[in-house]
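Subject: Structure handover

Hello,

Here is the structure to look through. Please open it beside this email, and then read the notes below.

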Amino acid sequence: MFDWNLTTHIIVLILSSTVIVFAGSKLSKVADRLADRTGLGEAMIGAILLGASTSLAGSVVSVTTAWQGHAQLAFSNGIGGIAAQTAFLAIADLCYRRANLEHAATSLPNIIHGLVLIGLLGCMLMGAYSPDWTLWGIHPVSFILLGGYLFGLRLARIARDEPMWTPRTTQETREDEPDETPEGESLAGLWIRFAVLLVTLGCAGFFVAESGMGLVAQSGLKATVVGALFTAVATSTPELVTTIAAVRQGALTLAVGGILGGNVFDVLFAVGADVAYREGSIYHAIGPNELLLVCLGLLLTTILVLGLITREKYGPAKIGVESILILLVYLGGVVLIALG
């Protein structure tokens, strides 16, 4: 950890967050073009490419802090990001005035990603309450989480290519249809732009990790509070920016897929942190506040998936009831964590 004073740590956190916002704001447009050019579709690109790439800064934070022995900060950063990003989707619903976002952007791959996320968070809770066994210093549940993530991607791909059922199309449903390719645009150029933004996010994430550890050491704040409310929100800002940008450019399935895919990928933060944490199982180095974050993620994801399935067309002021519930539950969880 860099030997900075508290003021410097705060400034670095703000500057790094600004860089993350800037790079993240460019990602949604590039990802949308890649979805069209590669033929994978918005839901899959959102879940795999956009979700993972916007989560890169957060993964750097979790692995870096776990490697230096800050288990609670590493864990709460990843799981706190899941809760924050789900709340961001509710905020994006405010920006789409035609109808409830979950109604207009529902898709079978997105629903599957949400259900897989619920299962993975449940496995994480089981890991915390299971015997403290490790293999090469890694708890067995980390292998289960990695396998579950890959299996979930396979299920979503099958659902996209060979769906057994599809959501009913309504007047407000936005279909995932490729846009025309701009003249002079090359696929290689898109990948290069994407890679540059990815490296930028990773570097910014490293400095967020350093400033987060400095805040824990010098401010007296609990690691869970710093992880869930500072580093998690800071590294999750690309999801907010890219989601709102995707909604405004009409890529609604990409917006929802980016959040759900990013949340599923964020579960792997715990896997990376467990590998990097050399003092034993990270699931047994956390406390009640971190487990509360897992439960918060479970509840928020359940509400979101129910919204994607029930597909309320118009809620209060064209905002889905599930979006209102998500914001209220998230704020209530933040208060409990701050007071806990």
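**Aromatic rings**

Phe265 is buried, and Phe269 is buried too. Buried means under 20% relative accessible area, exposed means over 50%, and partly exposed lies in between (1.4 Å probe, protein chains only). Phe265 and Phe269 sit 4 residues apart in helix H10, so about one helical turn separates them.

Before going on, a word on the source. This is a predicted model, in which local features need pLDDT of at least 70 and side-chain atom pairs count only at pLDDT 80 or more, while totals for chains, interfaces and linings use all residues. Residues are numbered from 1 along each chain as its sequence is written, and side-chain values use heavy atoms, with hydrogens and water left out.

Back to the rings. How many aromatic pairs does a search of the whole structure find? The search finds 3. Rings of Phe, Tyr and Trp (its six-membered ring) pair if their centres lie within 6.5 Å. Planes under 30 degrees apart count as stacked, over 60 as edge-to-face, and the rest as tilted.

One of the pairs is Phe75 with Tyr283. This pair is edge-to-face, at 6.4 Å centre to centre with 85° between the planes. Phe75 lies in helix H4 (residues 71-95), and Tyr283 lies in the loop between helix H10 (252-276) and helix H11 (288-310), so the pair ties together parts that are 208 residues apart in sequence. Are Phe75 and Tyr283 buried or exposed? Both are buried.

Phe265 and Phe269 form another edge-to-face pair. Their centres are 6.3 Å apart, and the angle between the planes is 90°. Ring pairs also link Tyr149, Phe265 and Phe269 into a cluster.

**The chain as a whole**

The protein chain has 12 helices and 0 strands. Helices (H or I, at least four residues) and strands (E, at least two) are DSSP runs, numbered from the N terminus. Along the sequence, the pattern reads α-α-α-α-α-α-α-α-α-α-α-α. The protein chain has 340 residues, and 56% of them are buried.

How confident is the prediction? The mean pLDDT of the protein chain is 79, and 78% of the residues score at least 70. pLDDT is the predictor's confidence in each residue, from 0 to 100. Which element has the lowest mean pLDDT? That is helix H2 (residues 42-54), with 61. H6 has the highest, with 92.

**A nonpolar patch**

Leu135, Trp136 and Phe143 make a nonpolar surface patch of about 370 Å². Like charges are joined within 9 Å, and nonpolar side chains (Val, Leu, Ile, Met, Phe, Trp, Tyr) within 5 Å. Accessible areas come from the Shrake-Rupley method with a 1.4 Å probe; for residues, only the protein chains shown count as cover.

Leu135 is in the loop between helix H6 (108-129) and helix H7 (140-161). Its relative accessible area is 42%, so Leu135 is partly exposed. Trp136 lies in the loop between H6 and H7. Trp136 counts as exposed because its relative accessibility is 67%. Its phi is near 55°, a positive value in a residue other than glycine.

**Contacts across the sequence**

Gly152 lies in helix H7. Gly152 is buried, with a relative accessible area of 2%.

Pro163 is in the loop between H7 and helix H8 (187-219). At 35% relative accessible area, Pro163 is partly exposed.

Ile10 belongs to helix H1 (residues 6-38). Ile10 is partly exposed, at 38%. Ile10 and Gly212 are 202 residues apart along the chain, and their C-alpha atoms are separated by 8.6 Å.

**Cysteines**

How many disulfides does the structure hold? It holds 0. A disulfide is a pair of cysteine sulfur atoms within 2.5 Å. Cys123 is partly exposed, at 22% relative accessibility. Cys295 is also partly exposed, at 38%.

Best wishes

Notes
Patches are made of residues with over 30% relative accessible area and no salt bridge: like charges are joined within 9 Å, nonpolar side chains (Val, Leu, Ile, Met, Phe, Trp, Tyr) within 5 Å. A salt bridge is a side-chain nitrogen of Lys or Arg within 4 Å of a carboxyl oxygen of Asp or Glu.
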